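Subject: Handover of a structure for your study

Dear colleague,

Please find below the structure that I am handing over to you. I would ask you to keep it open while you read the notes that come after it.

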Amino acid sequence: MTEFRIYNTLTSRKEKFVPVDPPKVGMYVCGITPYGPSHLGHARCYIVFDVLKKFLDFLGYEVKYIQNITDIDDKIIKKSAESGKPPSEISRLCMESFMEDMEKLNVSKADEYPMVSHTIPQIIEFIEGLVENGMAYLSDGSVYFRTGKAEKYGRLSGRKLEDLKAGEGKGKKESPEDFSLWKKDEEYGWESPWGRGRPGWHIECSVMSHMTLGSVFDIHGGGLDLIFPHHENEIAQSYALTGCVPAKYWIHNGMVTLKGDKMAKSTGNFFLLSGLLSEYDPMVLRMYLLRTGYRQPVDFDTDRLSEEAKAYGKLADFKGELLARAESFSPSPADRSASEVKVLMDDLNTPAAIGEIFKKITPILSRFYAGTHTENDIREGYGALEIFEGVLGIKLPVPMKEEDREIQSLVDERQRLRKEKDFEAADHVREKLDRMGVEVKDTPTGPRWTKKIR
RNA sequence: GGCGCGGUACCCAAGUGGCUUAAGGGGGCGGUUUGCAAAACCGUUAUUUCGCCGGUUCAAAUCCGGCCCGCGCCUCCA
C-alpha cells in the first residue's frame, strides 16, 4: 500500500487520506477538562493521536496540531466549591500534571493549547452569528441551538432527531433535542449580550478549531465516546454558521475498559496514570496500548502489561546489539517501502507494525549472535528502530550512557572474576548489580547488561 | 428499545474474498548453549479451523441472512 488510508467516522469507511491543502495538515483533537488526575483512557487517546501526528510527519506532511483545554465547566466549578480554590487554579494544576504524564509517555506537545477562558469574545461572536441567522434563541438568560433546524443532523453518529425528541424533558428549551450554547451563570460567568454566563459544552471546539485551523481542516479526533453528542453538535453548530462540516476526517479511538467495563472517573472504575507510571516503565505502557488497533477496545490487565515488558526487553536488547556493531555505520532514513510502514499506511495498524518489526528483528538478532550479519542487517535494523522509536514513539533505553560508568565497571569486574574462575565473587557482583536494578546477560560475544524493565 | 462495534489458539492480538493449509507477542513443551542463573538460538504449540446455523461464490475467518454472547453511545466522559 503506497497511500495512507484512514477510517473516517463521518463516512463509516476507510478512505484515502488527501489533505485539503497539502502538504499542510490541520489536526484538532479534543483535549481534557482539567478537574482531576488523568487516567489510562486519556493516555491511550493522546498516544494514538501522537502516533498519527508522528506518522504524518514521517510521510512528509506539515502538521499543525491543536488540542483544546476546557478550563471552565461544571466539574471544575464543583471542585472549586469543595476545595475553596478558584477554578483557574484547579485547572492550572491539573493541566500541569497532565503535561507531566504526557511527557513521560513521550507524547509530543501540540502546537497550541487554546483555552476556553481565553476565547470568550470569539465564542460570544460565534453564538451571536447563530442567533442572528435564526439557528439559536435566547431563553431565560441562556442561548440554545435549534437542533431541529440543522441540516442533516445526525450525519456523524447516525442518531435520528425523532429519537432525541422522545428523550428528556425540554425545560426552558423550545424542544428537548436543543442544546445550550451559552449557559446563564451569575457567579462564574462572563458578561455577554445575554447577561452573565459561560459557554456550553460543544461551542468551544467549533470556535477554537475555526480560529486556529480555519473553517475546513483535515482531521478532527477524540475518543469514541465523543461522537455523540459532542462532535455531532459541533458539526451542527459550525455548519449552521459557516456552511461547512469543519473537518474532512473524523477519527475516534476506542475505549480502555477494565474487566470489560469502560474506564471512567464517574464510576470509580479506573487506573490513574500517576500510579501506573511510577510502577511500570512508561514506554512499556505505551507499547502495550499500541499493541491493539486504535479503534478496538483495550481491556486493561496488569498481567498483560508485565508480559509486554518482556517483549519490550527484546527490542531493547536488539538495539544494544545493533549499536555495538554499527559504530562506523551512517544510517540512511527509514524507507517508506518497509513492511512496518506499509501496514501503518492501512489505517495506522500499530499492532501489525510491531509484528513486522519483530519478524524483521528476530533473524537479524540471531545473525548478530552467530557473527554472520551483513551491512544490510544493520541497515534494516536501523530502519525498523527508526519507525519503532520515531513513529510509534516507543523509546528504547540507550546502553552505555555517561552515568552508567559505574555499572559498566562492575560488569567488567565480574567478567574478570569469572575468567579467574572465582565464581563466588562473581556472583556477589551480580547480586549487587541485581539490587541496583541491573540484569547481566552473558551472550556468546561477552556480557551485556540492561536496566530491568518493569 | 434505538444506533454502533466486536466474538480468531492457553492468554493478548493482526488479518476482512484467492499472496493465510490464519502475522506478531506472552506462555507451554522438546533441544542447543551455559560454572550457575538469565539471555540467546533451533524446533514445536489453530490443518474439516476463525461464536453458532444457513446462503452467495470456482474460492469466505473475510460477503449476505438469522441466532447466541459481550461492549460502547443514547446523561458528564478520551
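This is a predicted model: local features need pLDDT of at least 70, side-chain atom pairs count only at pLDDT 80 or more; totals for chains, interfaces and linings use all residues.

Residues are numbered from 1 along each chain as its sequence is written, chains are lettered from A and ligands numbered from 1 in the order in which they are written, and side-chain values use heavy atoms, with hydrogens and water left out.

The surface near the RNA

RNA strand B is surrounded by 52 residues, of which K75, W201, G223, K262 and R304 are the closest. Here a residue is near a strand if one of its heavy atoms lies within 4 Å of it. Of the atoms of RNA strand B that come within 4 Å of the protein, 65% belong to sugar and phosphate.

By residue class, this surface near RNA strand B divides into 16 nonpolar, 17 polar and 19 charged residues. In this count Ala, Val, Leu, Ile, Met, Phe, Trp, Tyr, Cys and Pro are nonpolar, Asp, Glu, Lys and Arg are charged, and the others, Gly among them, are polar.

Which element supplies the largest share of the surface near RNA strand B? That element is helix 12, with 9 residues. Among the other elements that supply at least two residues each are helix 1 (40–58), strand 9 (217–223), helix 10 (302–325) and strand 14 (438–443). Helices (H or I, at least four residues) and strands (E, at least two) are DSSP runs, numbered from the N terminus.

For G260, a polar backbone atom is 3.2 Å from one. For E307, the atom is a polar side-chain atom, at 3.4 Å. A polar contact is a pair of N or O atoms within 3.5 Å; within protein, one must be able to donate a hydrogen and the other to accept it, and residues adjacent in sequence count only if both atoms are side-chain atoms.

Salt bridges

Side chains of opposite charge can pair when their charged atoms come close. The structure holds 32 salt bridges, each being a side-chain nitrogen of Lys or Arg within 4 Å of a carboxyl oxygen of Asp or Glu.

K75, already named among the closest residues to RNA strand B, also forms a salt bridge with D73 (3.2 Å, N to O). D73 is buried at 14% relative accessible area, whereas K75 is partly exposed at 37%. Buried means under 20% relative accessible area, exposed over 50%, and partly exposed in between (1.4 Å probe, protein chains only).

E96 and R92 form a salt bridge at 2.8 Å, N to O. Both lie in helix 3 (residues 87–104), 4 residues apart, which is about one turn of the helix.

K441 and D317 form a salt bridge whose closest N and O atoms are 3.0 Å apart. This pair links distant parts of the chain, since K441 is in strand 14 and D317 in helix 10, 124 residues apart. K441 is partly exposed at 27% relative accessibility, and D317 is buried at 18%.

A network of salt bridges links D74, K183, D185 and R198.

The nonpolar core and buried residues

The largest nonpolar core has 82 residues, and F4, L40, L52 and F300 have the most contacts inside it. Helix 1 gives the most to this core, with 11 residues. At least three residues come from each of domain 1 (5–267) and domain 2 (302–391). A nonpolar core is a set of buried Ala, Val, Leu, Ile, Met, Phe, Trp, Tyr and Cys residues joined through side-chain atoms within 4.5 Å, and domain bounds come from an automatic or database domain assignment.

Is D347 buried or exposed? D347 counts as buried, at 8% relative accessibility. D347 is placed in the loop between helix 11 (339–345) and helix 12. Its side chain reaches the backbone nitrogen of Y7 at 2.9 Å and makes a polar contact with the side chain of R295 at 3.1 Å.

N253, in strand 10 (residues 247–253), is buried at 2% relative accessibility. The side chain of N253 reaches the backbone nitrogen of G223 at 3.4 Å.

Yours sincerely
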